[in-house]
Structure formats: structure tokens, C-alpha cells
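Try each task before reading its solution.

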Amino acid sequence: MKTYSSYLHIFLVTGLLGFAACKTSINTPAPSRGTADFSRYISVGNSLTAGYADNGLYLEGQLNSYPSIIAAQMQKVGGGTFTQPLFGTDQADGSGHLILTGFNADGTPKTQQVAATAVRNQVTVPNFGTVTLFTKYKGDINNYGVPGIKLQQITFGQLGNLNGYFERMLPTDFPTNTNSTYLDFVTAKPYTFFTDWLGNNDALLYATSGGAGDVLTDKAQFSQLYNLSITQLTKTGQKGAVATIPDVTAVPYFNTVTVGAILAAVQKANPAAKALYVNALVSGTTYAPRVATAADLIILTFPTSMIGQPVSTPAGNLPYGLTPYTPIDNKYVLDQGEVALTQDYVNAYNATIKSVASSKGLAIFDAYTFLNNVKANGLVVDGVNLSSAYISGGIFSLDGVHLTPRGYAVVANEFIKAINKQYNASIPLANVSSYRGVKFP
Amino acid sequence: MFSQNKRHIINQLYFIMRKLILLLFAIIPSFVLAQGFQVNLHGQKQIGMGHTGTGLLQDGASVLFNPGAVAMLPQNYVQAGMSPLLFKSDFNPSGSTDQFRTKSKIATPFTAYGVWGPKDARWKIGLGVYTPYGGLTDWGNDWIGKYSLESLNLKAIYFQPTLSVKLTDFLSVGAGFVYNHGTVDLTRAIPVSNSSGQDGQAELKGSGHGFGWNAGAFLKTDIGLTIGLDYRSQVNTTVKNGNAIFNVANSIQSNFPQPNTFTTTLPLPSTSSIGLGYKPSDKWTLALDANFTKWDVYKTLGFDYAKNAPTLQDTYSPRNYKNGWSYRAGAEYKATSKLFVRGGGGYVTTAVRDGYVTPEAPDANRYYLTAGLGYKVTKNLDLDVSFEYEHLDARTQTNIESQLSGTFKTNVYIPGLSLAYHW
């Protein structure tokens, strides 16, 4: 018996070990680059392209930028190396950024700013303001995302002295960058493929400042510069993909703190309060106070504690936000008229983007339609329910405008789908579930 | 798109509705268990012959295959066997070249049977302990479907006392009572990152029990053909007060109350079988079986948590299974007076409809091939070994609940060994 059982033991164990080595495999067709060439891919754009998140540009965000995710997938179809102007690991917090530190008893989030580690200097430029300069980046660049840049600025020779994120990429230092345009800089070195997601700031900076701190780029100027930039980007027959500009109302920055929620909270303490007042656009540049409605969008960073605080007026002290004499400041509200104005401009910009891209045979990721869809219906990917909600939605980072790594992975896949379709390619999609959403303490 | 850092006042959002956080994580853990967890490894002689046995008199495994046949067994039996099982699944997400494979873990289905009756009596009693349902699937915690499932370890052990009576020389019947002890241990990632970027995890772990019965009839004919009919009832297995462990970042732990327990009921479906056996010569035994598994009782899978929170509601996942069939054939050749060679195979239709395939048991239509050897060590002792290869067709699916989209393909390798003492 002993011999038999030891014999059989060996049979079973060796048998199973043998099969453990067998791999079940699914045959997948070899991915193809189609009619495109990804040997040097560059990405052109603003903060979204740079990997900006949580109200800052920092190493983790850069490492999860959508261009870097796309590039990693392109490498499976012959794409080349992709180098980003990263902050060093010793300066990983970069410009500084927000982190979530917990929740108040009422369920509202508590955040904290992590200090910058890559600031080199702060300089004052007359008639402009303060420019923060960062540790210079020296080396090859594939990701040309510059936080804050507008399409309107891409041919402006002084930009290298006014935008610290652009200055950091340039070979020369502030204040000698008087003749380096963004468009020339990104097209200086040969490339075979590009993505271009410029134009958001031409509308968004107006919107995020409540229509008070910035201006919308003129539609005709947008069209002229978009044509110019695409012509230059495709000058030697390069292929590429562009994206449209999201609807400002699709981001949590404008959808989290609402007129209804503020009023409800006010009325809890003071049932007599009937309405909130905002200083709203009438026409042109004329503003007048009126009762706030649900169509007026309050920005995420509005300090709601100001509501009801006494404000000195000719009629005596009146509570802030609750009377027509003390409306909520314009800078905190994108009122209904401003929303309509912004949407009109965004629609015009997007019409330009789509027509120019189509005429050049470029792939188009319609971010406008995609994000509006996410807002309306949510998005389920790999067993995760994503939405446009602040913090819980998983897509938007703590600043309510920029994306989490998971959000950027979703965007990368949408770009890849558009590229695959336009160029008959089959770049494999990225694994969205391997990227994180908001970090909880 | 902010070109400069401003002072941040997000912490002053006193008025964001509490709803915001309460609505966090619409991703309520809803666990699912699927068809492929029926295990048909009930005796080495039978496995070798393609899992046939309802219409045969092989050994004590008749307690399971057909209690009606037990009284016809020529001898008394005590036997035990084990069939270590290696379940190797592969998943290829749609639009991707990635392949995610289950880890090599070995499940251990086993059988033990005893059959006894006085010499020349018309009756026999029996006891079977076996594992008709189970699953051991470990996809790991870094694969694309981790929010659907990381790992599942499911075991159902049936204890079945049986009585069988020979009504005439050519007809016998039998019936058994079934007590099931089931255990489940299931883990899944929760899509909320902690401060180091790692997912949360849910684990449901518990045991429960259920009851059922089975009955069968066995008929010998003059022409050497034997016929068996068998019915195994549904066994509703209820896990009560299992541990529901949710491991998430501290700041949101209160959204997942701890400690917590869950209750769930899993209907292990009934199976009806008809089997034929035929001995064309002294050397050969041929067998055919057909089985009908009434999976359509599996409509939903619910988990009822003892402590709910707005983010942790009871769950009801639609399963909507359809009934499944299996067709089996096998043969045994008596090579010498001591050595038996066996072979067989079969085809099983899937119970899982399109859109409901999950990583727990990525089911599809499947075929299998088996081989076996039997050796009479002594007059009273049989040693049997078996081997089975099972192949589940590649199935490309988008799950209606998780939207997990891609192709599953599975191979199963099952060696086995048993000893049977008979007198």
C-alpha cells in the first residue's frame, strides 16, 4: 500500500504542477497603427494636457496625464518614447495642490493645500501681476501642456515671461523670453503625430472668475488662431487628434454649491429669508441685482459663510447676499446671462474646432458631448460607477475642474477611440480601473 | 486651468448638502455567484467514463448517481476519492491586448461513500459525503474586473444518508436525505482610494446550511441494457450572519458600518438524470447519461446586511438563469482481469444568458474529455485514477451590471484518485 500511495501522490502532484504551467490564452489580433505614425507623438494643450489636478501641477498628476496614458498605449503599436517635463521626485508637490483631509459632521469635505516645492521665485510684472517661476525643466519634451494657456496666447511672444509653467520649459529664463511663442516652441522639433486640446481657457477662465476676472476670446480671433495652429501643426503632413471644449456647466466647479442649497441652509437659521440676490448680467457690460435662481451657478470656492454678514450700505447695515443692495459678488456667480454667453462662445469655438479638424482629416474627440453625457447619465466602466459629482463622482479632482487619474484615463481612452476610428488603427485601450479616483484619508 | 494658486476656501462649503457624501459610492457591493460552480466530480470510475453512472452499477458512488441502484450493488463498499481541480480562466478586455489570468489555485472536491446491506438482503443503506457545488477563483487585486470580483472560494458539502430497496430482481428504487453545509468567502475591491491610492476591499465570509433529497430507480433488462433515473432536489442554502467586512479609508469607514453581517440564500438547483448502461461483451461497458439542471430557479441574488447605511443598501442582482443540459458518454474496457481502461466525454450548455456572465464563474457552453484507469490491487481493493480536461468556449460579453466588457475563456484540468474497499 505504501508504495502505491507514494506513487500516486507523485502522480497527482506532478500532474497538477504540469498543468499549472499551462496558460489559457485568448488570441487577440495584433494591434495596428493603421495609417498613422506614432514614432514621435507630442501633446499640445493647457492644464488638462499637463496633468494638472487638485488645483495644482504635481508629479503624480503629471505621471497620470492623459497624453502619457495615450503614449503608453501607442507604444504597443510602434509609438516612440514619451518624455514629460516632470517635477523631480524631491519637488514632487510641484506648484502645491489640494488634498482631502476629512469630512465635517454635516458631510461636507475638508481640504488642505499642500505647499509648493518647485517654486523658484515670484516676480511682479508691471501692468500684469505676479508670476510664479518654477524649477526649470531641461530635457526632451513630448508633453507641451501649459496650465493657464489660452489659444488666444499661442502666438504671443511675451508668454514665456508671463506664464511660469511655460517659462519652466523654455531654455532661457525670465525676463529674457520676449520672442518665444508657444506655437513655434511646440513645432520646433519634428514629430509625426499630435493631440491638441487648446481653447478651454478661452472660455473657462471667464467662467471660473464668475465672468468678472477675465474675458472671453473673440470668436473670430479664436477661429483665426485655431486655423493657424492646425495649419502649422500639420505643415509636413502630420496626423493628429483634437478635442472640443466641455460645456462649463458640465463640471462640478459650477454644480456643487447651488442657490437652492444655500437658501435652504439660510432659511434653516432664518425662516424669514426669502431669496438670495446676485449681481446679474443684463446686457453688454451692464449688471444689475436680482433674485437668484437655479440657473445661476455659484462657484465651488464661494465662501458661503459670507452670507448674512452685515454689509455697510447707504441704507445702513444689510445682510450679505440677502438684499438687492447687498447681492453676492459677481466674481462668485456665473449668472444665467453669463452662462448663456459662455455657452454661445463655447459652441462657436467648437464649431470652429470641428470644421478645421474635419478639413484636415484629423481625429476628433468630442469632449463637449462626452462630458455632457456623463453629467446626464453617468458612466459605468469596469464595474465602477463614475459621474460628474464632486469628490464622489471619481472623475473630477478636488478643484472641481481638472480630472483625477481615473478621469484622465477615461479621456485617454476616448482620444484613442477617436484616433483608431479616424486612422483605421487599433491602439489598445488603457485599463481605467487601474487608475485612482479621489484619495480619501 | 488656474494659472496661479489662490487661497483655497473649499473647506468653507458649509452648505453642500449632506447628500453629497451620503450619495458617495453608488457602488454598493453586490456579489454574484454563477453557474460554473456546479462540480461534477463524484467518483473516479464515473469521471473516467465521462461522468456517466446513472444507469450503471459501478460502486458506492451510486449513492449520488442513483440511490435507486444502490440495492443492486453486488457488494458493500467503503470508498473515498479526491479530484484536485485547477481552474484556469483568461480575460481579454474589449479593445485591449491585455490578458488577465486567474491564479493557479487548487480546489479539492472530494467524495466519500459507504454502502452496506446484509448478504442477499433486498435492501442496502448508504451514506455519501460529496461536494456537488463549489468554486475557487482568484483573479487577484490588480486586474481590470477587481470591482466585480477579486476572489471567490465557495464550497458546498452534502451529507446524504440513503436507503435503497430491490423491489424485484430487475427493479430497485432508493432515496436519500441531503444536508448541505456551505461556506463562502468572497472578496471584491471597492473603488475608493485611501491616501496611498489603494482601493478599499469588501469581504463576505460565512457558512450556512440547507436541506434536500434525492431519489432514483434502476432497471435491468433482459438484453443487457440497464436504465437509471435519478432526481436530486433543489437545495436552498442560506448563509445567516456571515461576516461582512469592509476595509476602506478611515474617513469614510462610517459609510460602511462595522462590524456587520449579511444573510443570503443561494438556490442550488435540482438535477434530473436518465442514464443507460450496456455491456456488449464481457470486456466492454458503455454508458450514456443526460442531465437537466433546473437553473431557472436562480432569478436574483440578494444580500441582506444587518446594518445598512445610505451607501450600504441591501442588494438584489438579477441573475435570470436558464435551464441547462448536459450530455455524457463513456466506455470502460477490461484490459486484463485487474486493469480497466476508461474514456468518455460530454457537452454542457450554459445556464448564463448573454449579459450576465461574471468573473465568479465565467460560464459558457463547455465540452470535456476524460480518461481513467482502474486497478484491482487485491480482490477487495480498487484503485482508480482519472483525468479530465474541460474547455469552456471563449465568450465575449458586456455585463449588464458592471459593463465589464471582454472575452472570457477557461480551461479546467482535473486529475483524481480514489480507493474503494468492497466485500
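**Exercise 1. The parallel sheet of chain A**

Work out the strand order of the open sheet of 5 strands in chain A, and find which strands stand at its edges.

Solution. Keep in mind that this is a predicted model.

- Step one: reading across the open sheet gives β6-β1-β7-β8-β15, and the pairing is parallel.
- Step two: look for strands with a single partner. These are β6 (143–145) and β15 (363–365) of chain A, so each has one side left without a neighbour in the sheet.
- Step three: going from one strand to the next, the twist averages 15 degrees.
- Step four: zoom in on one pair. Strand β1 (residues 41–45) and strand β7 (residues 193–197) of chain A are joined by 5 bridges in the parallel sense. Within this pair, Ile42(A) has Phe194(A) as its bridge partner in β7(A).

**Exercise 2. Two helices side by side**

Decide how α8(A) and α11(A) are oriented to each other, and list the residues that make their contact.

Solution. 

- Step one: as a reminder, two packed helices are described by the angle between their axes and the distance between the axes.
- Step two: helix α8 (residues 200–208) of chain A packs against α11(A) at about 170 degrees, and the axes are 10 Å apart.
- Step three: angles over 145 degrees count as roughly antiparallel, so that is what α8(A) and α11(A) are.
- Step four: α8(A) brings Asp202(A), Ala203(A), Tyr206(A) and Ala207(A) to the contact, while α11(A) brings Thr342(A), Tyr345(A), Val346(A) and Tyr349(A).
- Step five: sort those residues and you get 6 nonpolar, 1 polar and 1 charged.

**Exercise 3. Where the domains of chain A meet**

Find the helix that gives the most to the side of domain 1 of chain A that touches domain 2 of chain A.

Solution. 

- Domain 1 of chain A covers 41–251 + 335–434, and domain 2 covers 259–293 + 297–333.
- Step two: their C-alpha centres lie 33 Å apart. The contact draws 13 residues from domain 1 of chain A and 11 residues from domain 2 of chain A.
- Step three: on the domain 1 side, helix α11 (residues 336–359) of chain A gives the most, with 4 residues.
- Step four: that side of domain 1 of chain A divides into 2 nonpolar, 9 polar and 2 charged residues.

**Exercise 4. Hairpins in both chains**

For the hairpins β2–β3 in chain A and β5–β6 in chain B, find the residue with a positive phi.

Solution. 

- Step one: in chain A, strand β2 (residues 97–103) and strand β3 (residues 109–114) pair antiparallel over 6 bridges, with Ile99(A) partnered by Gln112(A).
- Step two: this hairpin has 5 residues between its strands, and Gly107(A) in the turn has a positive phi of about 90 degrees.
- Step three: in chain B, β5 (residues 110–116) and β6 (residues 123–138) run antiparallel and are joined by 6 bridges; Gly114(B) has Leu127(B) as its bridge partner.
- Step four: 6 residues lie between these strands, and Asp120(B) takes the positive phi, near 65 degrees.
- Step five: follow β6(B) onward. It also runs antiparallel to strand β7 (residues 151–166) of chain B, through 14 bridges, and Trp123(B) stands opposite Val165(B).

Methods: Residues numbered from 1 in each chain as written. Chains lettered and ligands numbered in written order. Predicted model: local features only at pLDDT ≥ 70, side-chain atom pairs only at ≥ 80, totals over all residues. Domains from an automatic or database assignment. Contact = placed C-beta atoms within 7 Å. Nonpolar A, V, L, I, M, F, W, Y, C, P; charged D, E, K, R; others polar. Pairing = 2+ DSSP bridges. Axes fitted to C-alpha atoms, helices over the stretch in contact; angles between N-to-C directions. Parallel < 35°, antiparallel > 145°, perpendicular 65-115°, else oblique.
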